[in-house]
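I wanted to see what holds on to what here.

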Amino acid sequence: MRIRYLLAGSICALVVSILACGKAASTGSEILVGEYGSLTGGIATFGISTRDGSSQAFDEINKAGGVLGKKIRLLVEDDQSKPEEVGTVVTKLINQNHVVSMLGHVASSYSLAAAPICQSNKVPMITPSSTNPRVTQIGDYIFRVCFMDDFQGAVMAKFAADTLKAKRVAILVDIRNDYSVGLQTVFREQFKKRGGTIVAEQSFSQGDSDFHAQLTQIKATNPDAIYVPGYYTEVGTIAHQEKELGLNVPLLGGDGWDSPKLWEIGGNALNGCYFSDHYSTDDPSPMVQKFVADYKSRYKNQLPDALAALAYDAAKILADAMTRAGTTDGAKVRDAIAATKDYQGVTGKISIGPDRNAVKPAVVLKVENGKYVLVETISPEQVKL
Ligand code: PHE
């Protein structure tokens with residue numbers, strides 16, 4: 001009996017000391033970076049691609065020796081594509097896991113919900129891909145490495161007017177999505193400036209699956225094209241229903257279309273449609289081609305979408321900033337991110353401006369039998385009217 005107690009006691013002691021060692025090791029030799037995203041639910045490919053891109057970057061960095069003599073460990077939390085979950089997961093990463101910096105989100109509405117929490121806790125946040133201008137206005141700890149929607153909307157307006165020679169365009173907007181509403185405003189203004197007419201404006205909400213009523217109204221206005229600045233799940237369904245109604249004009253969209261699932265949902269109905277995006281896997285630059293090849297070999301031959309590419313760049317910029325700061329202290333890392341200049345990423349050259357945004361060219365991609373083919377690259381100078 002006594003022996004059993006003794007044995008149990010020493011096993012307990014052993015377990016306690018192993019746990020204690022483990023904890024000491026995880027705080028001593030690692031740098032914890034948080035990432036919040038949608039890994040399940042309606043916009044799941046956004047979070048999955050982002051996680052895969054940032055993991056690839058941090059693995060490369062760790063293999064090369066890490067940062068400040070430590071390895072970076074990425075902790076990813078899932079908000080299940082529910083904006084109301086964002087606060088909980090971001091607070092957990094900050095208060096329980098004590099992450100030193102944050103990557104996220106893709107969707108602008110989610111970034112807008114999380115940024116005030118990062119800002120008030122003085123945790124630097126880099127959104128790889130949220131394009132709504134308001135995100136970085138939340139405060140001086142909030143950065144982005146992508147272009148913004150005032151540019152992206154102007155790119156599509158230029159493309160519609162100059163390349164497609166469209167005169168009459170209808171807009172179908174996701175009304176509760178900050179990103180979508182922001183793009184609607186810019187596109188409307190810019191397309192009119194180029195002499196075009198907006199013939200109809202209709203709306204839907206994320207999660208809707210029947211768009212016949214809106215598309216019927218749009219059809220009656222006889223448009224040359226329809227601008228749908230939404231996310232891939234609804235866009236795929238809209239493409240089907242548009243064709244069903246015999247409305248055979250191209251749909252135009254923004255980066256929110258970018259997902260391998262877009263084609264899975266929309267299929268042939270999307271052939272001949274166009275969207276603006278951050279980069280193309282067709283880019284022949286050796287850096288892009290190496291990134292694409294490495295990603296494909298890591299992730300079952302999957303092509304990296306723009307989210308994966310932007311997350312890869314965001315992770316590398318964060319690590320670079322920590323190295324330059326010589327510390328993981330929030331305020332110092334914030335200053336180092338702010339000082340990022342001419343960083344050559346896979347999505348282009350990244351300099352962080354005084355308003356904590358990056359200014360970069362955009363690409364226009366055409367959907368062709370499951371491929372997203374590069375049609376044009378448009379730089380910020382080209383859309384100035
Ligand atoms: N820019 C979109 C937003 O702000 C998110 C997105 C970026 C989606 C890139 C796909 C690709 O909501």
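I started at D255: one of its polar side-chain atoms lies 2.8 Å from a nitrogen atom of the ligand. I count a polar contact as a pair of N or O atoms within 3.5 Å. I then looked up S108, where a polar side-chain atom is 2.4 Å from an oxygen atom of the ligand. For S129 I found a polar backbone atom 3.0 Å from a ligand nitrogen atom. Taken alone, the ligand exposes 330 Å², and the protein buries 100% of that (Shrake-Rupley method, 1.4 Å probe).

Housekeeping: this is a predicted model, with local features needing pLDDT of at least 70 and side-chain atom pairs pLDDT 80 or more, while totals for chains, interfaces and linings use all residues. Numbering runs from 1 along each chain as its sequence is written, and side-chain values use heavy atoms, without hydrogens and water.

Next, how many residues surround the ligand? I got 13, with S108, S129, T131, Y231 and D255 the closest; the cut-off is a heavy atom within 4 Å. By class, the shell has 6 nonpolar, 6 polar and 1 charged residues.

Then I checked the domains, whose bounds come from an automatic or database assignment. The chain splits into domain 1 (2-147 + 286-352) and domain 2 (150-277 + 363-382). Their contact (heavy atoms within 4.5 Å) takes 18 residues from domain 1 and 18 residues from domain 2. Each domain gives at least three residues to the ligand shell.

Definitions and conventions:
Polar contact = N/O pair within 3.5 Å; in protein donor to acceptor, adjacent residues only side chain to side chain. Nonpolar A, V, L, I, M, F, W, Y, C, P; charged D, E, K, R; others polar.
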